[in-house]
Each structure stands twice: as C-alpha cells, then as structure tokens.
Amino acid sequence: MRDVLDDLMKWWESGETVAVATVVATFQSAPRPPGASMLVGPDESAVGSVSGGCVEGAVYEVAREVAETGVPELNRYGVSDDDAFAVGLTCGGILDVFVEKVSQETFPELGELAEDVRSGSPVALATVIEHPDPEILGRRVLIRPEGVKGSLGSARMDDAVHDDALGLLAHGTNQTLSYGIDGERRGEGMRVFLWSFAPKPRMLVFGAIDFAAAVARVGAFLGYHVTVCDARPVFATNSRFPEADEVVVDWPHRFLNQEVEAGRIDQRTVIAVLTHDPKFDVPLLEVALRLPDIAYVGAMGSRRTHDDRLARLVDAGLTEEEIARLSSPIGLDLGARTPEETAISIAAEIIAGRWGGSGERLATTNGRIHQDVEYR
C-alpha cells in the first residue's frame, strides 16, 4: 500500500470512494510480494499493480464491483489450462488478492495511518480478509507499539493480532495470519492480513568519495534511508551528497557505536565501507562485524587491500565467523568501472543477499526465479 498511498489519500481526502486490491498471500513464483496494491479510483483509473500485468484486468473488474456493492472479496489467481493467458499467472505463481472499498465512511482511520507512515512512526494495519461472519469480514484495526485502535470484534481477537503484529512490525514484514473465528491461536476460520509500516531500512555509507555519491543515489532509489559518514568535513557535505537523507561528520566507528547504542541499527540495516583506509575502516569493521544481527556489511578495496584488511582484523581479535560476514571486495562481479556501475554492483549484492539470489545470469540457471524467503 505504501507505493499507492499518496494517490489513495488524494481521493480519500476529497471524499471519494476507492477500491483497493491487495496481494495478501503468494505461492511459488508470484511476481509481487504481499502488500502490493492496486487502486481503482472514482474515475475508473487504475494505479499500482498486484501482478505486474498478468491478472490486473480480472482484478480491475472485481474492484469495480466491490466499489459498487461495498462487499469485500478474496480471490485466488493462478495458472490453469483454460485461463493461463486470460486471467492466470503465466509465471506459474499463485496470488491471493483481497479487494475492499475504501472511503472516509468505511475507513475513517486512514488519515492517521498515512500520517504515521509519512512521519516514519511504526504502525501496522490489520484487516480481516476471511471470516464466516460477514459483519466481521473487512474489519480493520491500527496497531502501534503502545496498543490497538479499534476492534476486530472481540478482545481475544485484538490481543492475538496485537501480539503477532508487534513481531512483524519490528521487521517490516507483511503477512497473512490464521486464527480461530474468535482469535484462537490453534483454530481456523479467520485470516487477518497485516501491513507493517516500519520506518525505512537504513543504508550507512562510510567514506565521502565519488563512489559513495553513486551508492547513495542507488540506495535512495531502492527505498533506504541513506546516511553518508566521513570524518573529513571538507568532503562530507550535503552539496556533494544531495540524494542522502543525512550527511554526518564523525569518525565512522564512533558514529556506528552511537547508532547501535541508540537502537537505530537492526537486521534490515546495510553498511557499505568505501574508505579503503585502515585507520578508518578497521575500527569501523570491528564494530560492524560484531553486531548480532545486520543485513549486510561490505568493504571496498583491491585484492591487496582486502588481504591487508583481513590480517588487521585478525590482529584486532575478530573470529573467523565474524570475518566471514564481511563482503570484500564489495559487490558482484559485473565488470564495473565507473562509480555508477560500481554502485549497481554493490546494490546487486545487497539484493541477492536479501532475497537469496545466486548472482548468476538467469539464462544459465534452472528452477524457480523467486526464492521462498521472508519478506522484509
């Protein structure tokens, strides 16, 4: 929903009715992850995508009907011999898509949700997408770390969903959860979709060089909150890194320690060390590689620089297991030469690590394209 939120809010604030179709579960090689949404506006225009084009036409027609009737629908789309090229997914995947009517009357809390998302405050939206009682189907609650606003129908439902939402919110994960019809943990009959609107994941780029400017641009494009840090004030300036969310003048290891102590580093954080100067990068890597949970740590440098760096890290007391977490030399082997090409190489390695990709050419591999990994 995040990608279409601005368009949704324009219609909502104008008092219009919008049909919202959302991917709530995927199986096999589905093209879009849970949480991907498509809007059908009051002018019958479509915004966003649930499948990259495969089933948009069929979902569009359902959305128009839901906008008229107000009755939400949950449908499954996959490949069959009859409709693979009509309303099916030719990639072989399966999608569950929930379609609902959204207006100021049906979703009065949307303004609060949008405000939290825009400010970076953690918030989750839980929606009942399957239930035998039509009065409960489509009910929503907003979930924040401090509690629940609204009710799905009973205190038991609300407590169960709140507890589960906090874990998903910490990781920025969207997921469909199953319960009994009154929120029983081991029951069946109720399915709830949870959107987790956590703050953007962080990308920390150390070293205020031309390569860092390119990495910051790519990081921002990928949706990261990008920080560039360097101890040299003459190089670490906002004018040199306009795409970065913040530019910090500080010793890299000291800044990272401060961020860790403040609780601003988590398992979604990626770190790119581009200083390739031992007085900067070795103390920094001592901190980064000892973090208990982080998505990626990469360091730039030649093969000679890499070997020297490894020796220094061993002398600093890092274990083989800790050093093995380091991606060095940084990036995938794309033959990159320019800062922009190198930034793509680094981004490609980060993406491959996030989704379990091999980094090989798809034309030379077999099997499924999308791996079964947790969305983060």
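A salt bridge here is a side-chain nitrogen of Lys or Arg within 4 Å of a carboxyl oxygen of Asp or Glu. The structure holds 25 of them.

## Basis of the model

This is a predicted model, in which local features need pLDDT of at least 70 and side-chain atom pairs count only at pLDDT 80 or more, while totals for chains, interfaces and linings use all residues. Residues are numbered from 1 along each chain as its sequence is written, and side-chain values use heavy atoms, with hydrogens and water left out.

## Overall form

The protein contains 10 helices and 16 strands. Both are DSSP runs numbered from the N terminus: helices are H or I with at least four residues, strands are E with at least two. Along the principal axes, the C-alpha atoms fill a box of roughly 65 × 45 × 45 Å.

Of the 376 residues, 46% are buried. Buried means under 20% relative accessible area, exposed means over 50%, and partly exposed lies in between (1.4 Å probe, protein chains only). The protein exposes about 18200 Å², and carbon and sulfur atoms supply 49% of this area. Accessible areas come from the Shrake-Rupley method with a 1.4 Å probe; for residues, only the protein chains shown count as cover. Among contacts (heavy atoms within 4.5 Å) with a separation of 6 or more, 58% are between residues 24 or more positions apart.

## Charges and salt bridges

There are 35 positive and 59 negative side chains, and the centres of the two sets lie 6 Å apart. Lys and Arg count as positive and Asp and Glu as negative, whereas His and the chain ends are not counted. Each charge is placed at NZ of Lys, CZ of Arg, CG of Asp or CD of Glu.

Asp6 and Arg118 meet in a salt bridge with an N to O distance of 3.3 Å. This pair links distant parts of the chain, with Asp6 in helix H1 (residues 5–13) and Arg118 in helix H3 (residues 110–119), 112 residues apart. Asp6 counts as partly exposed because its relative accessibility is 47%. A second pair is Glu100 and Arg140, whose closest N and O atoms are 2.9 Å apart. Glu100 lies in strand S5 (residues 94–102) and Arg140 in strand S7 (residues 140–144), 40 residues apart, and this pair also links distant parts of the chain. Glu100 is buried at 4% relative accessibility, and Arg140 is buried at 13%.

Glu259 forms a salt bridge with Arg264, with 2.8 Å between the closest N and O atoms. Glu259 is buried, with a relative accessible area of 5%, whereas Arg264 is partly exposed at 44%. Elsewhere, Arg76, Asp96, Glu130 and Arg191 are linked in a network of salt bridges.

Glu349 is found in helix H10 (residues 339–355). Glu349 is buried yet has no salt bridge, and the nearest side chain of opposite charge, Arg303, is 10 Å away. Leaving aside residues up to four places away in sequence, Glu349 touches Tyr296, Ser327, Ile330, Gly331 and Leu332.

## Backbone features in loops

The peptide bond from Ser328 to Pro329 is cis, with omega near -5°. Pro329 sits in the loop between strand S16 (326–327) and H10.

Two residues other than glycine have positive phi: Glu44, near 70°, and His276, about 35°. Glu44 lies in the loop between strand S2 (37–40) and strand S3 (46–48), and is partly exposed at 43% relative accessibility. His276 lies in the loop between strand S14 (270–273) and helix H7 (278–288); its relative accessible area is 39%, so His276 is partly exposed.

## Surroundings of Ile294

Ile294 is in the loop between H7 and strand S15 (296–299), and is buried, with a relative accessible area of 12%. The C-alpha atoms of Ile294 and Gln267 are separated by 4.1 Å, although the two residues are 27 residues apart along the chain. Beyond residues up to four places away in sequence, Ile294 touches Ile265, Asp266, Gln267, Thr269, Ile271 and Arg325.
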